[in-house]
Amino acid sequence: MLVLLPPSEGKAAPEVGVPVEVAGLSLAGLAGAREKVLAALVELCAGDEERAAEVLGLSKGLRWEVAKNAGLLTAGARPAGEVYTGVLFDNLGLAKLDEAAYALAERSLLVFSGLWGAVRMSDRIPSYRCAMGVKLPPLGALGPYWRTVMDGVLPEVADGLVLDLRSSAYAAAWKPAGEVVGRTVTVRVLQEREVDGVLKRSVVSHFNKATKGRLVRDLLAAGLEPSSPGELVDALAQLGYRVEVAARGTARKPWQLDVVVTEVH
């Protein structure tokens, strides 16, 4: 099982620590591309702050992120599982998993990143700010940039079920192709509630992340590693989730599952 996750915008910053070693990160085939993005981001942020903030889409209250990016080469690094924060990762609760569940997380979770392409939970990285939607000089839009490299690397590790929980911006960095498509599953979270005596469903946004975080945590904690979309449906039902198959996978489109909730929290 390979679970694809988006990163969090907010990140915990280690106060001290050994700087990132790009060559030591997993998915070694991305090393050269990572070096180029890192160099371009540092160069941008070491220059004109106004221009850097504009390129990165930073508000005035986040201008301090420019200086942080400028110091990435010497900034302390820590495991990605500790760096990424936010709703999804808070509900994933990696720090609360037992040893076996954490080991499963390390081998099955992959977080996509505008800066690193994709990293595993144990990869040591510094806190940074660089979304996948950024057009980074001189590399251009990072989604298409990473897709070119990912197409030669990701199929090697996507050898079983692929549970794709990424947002659309990060999904642009790699799209499953060939036989991988048929064993890829996307998830939509729907809230069902009664309105004027009629049951209605709506897509949730903020709570979408919370539900996906809990869903992954529950799979890890139970030690479940489904190897096919059908096994995933059974596993989630076993864990108490209300799951419906919205679309079965084809040679061109992944499976889509709807997770139906009545409360959002």
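**View 1. Lining of the largest pocket.** The largest pocket has 36 lining residues, and Pro6, Pro7, Ser167, Tyr170 and Lys209 lie nearest its centre. Two or more residues each come from helix H5 (87-92), helix H9 (168-171), strand E9 (184-195) and helix H10 (206-221). H9 supplies the largest share, 4 residues. The volume is about 690 Å³. By class, the lining holds 17 nonpolar, 12 polar and 7 charged residues. The model is predicted: local features need pLDDT of at least 70, side-chain atom pairs count only at pLDDT 80 or more, and totals for chains, interfaces and linings use all residues. Numbering starts from 1 along each chain as its sequence is written, and side-chain values use heavy atoms, leaving out hydrogens and water.

Terms: a pocket is an open set of points on a 1 Å grid over the protein atoms alone, where a 1.4 Å probe fits, with protein on both sides within 12 Å along at least five of seven lines; lining residues have an atom within 4 Å of a point. Volume is the space filled by probe spheres set on the points, which are joined across faces, edges and corners. Helices (H or I, at least four residues) and strands (E, at least two) are DSSP runs, numbered from the N terminus. Nonpolar means Ala, Val, Leu, Ile, Met, Phe, Trp, Tyr, Cys and Pro; charged means Asp, Glu, Lys and Arg; the others, Gly among them, are polar.

**View 2. The second largest pocket.** This pocket holds about 200 Å³ of space. Its lining includes Gly81, Glu82, Tyr84, Phe89, Asp90, Lys96 and Tyr102. Helix H4 (80-83) and H5 each give two or more residues. H5 gives the most, with 3 residues. The lining has 6 nonpolar, 3 polar and 3 charged residues.

**View 3. Helix H1 (residues 31-45) against helix H2 (residues 49-56).** The two pack at about 135°, with axes 8 Å apart. Axes are lines fitted to C-alpha atoms over the stretch in contact, and angles run from 0 to 180 degrees between N-to-C directions. H1 is therefore oblique to H2. Leu41, Leu44 and Cys45 of H1 meet Arg51, Ala52, Val55 and Leu56 of H2; contact means heavy atoms within 4.5 Å. The contact has 6 nonpolar, no polar and 1 charged residue.

**View 4. H1 against helix H7 (residues 142-150).** Their axes come within 10 Å and cross at roughly 160°. H1 and H7 are therefore roughly antiparallel. Angles over 145 degrees count as roughly antiparallel, under 35 as roughly parallel, 65 to 115 as roughly perpendicular and the rest as oblique. Ala33, Arg34, Lys36 and Val37 of H1 touch Leu142, Tyr145, Trp146 and Val149 of H7.
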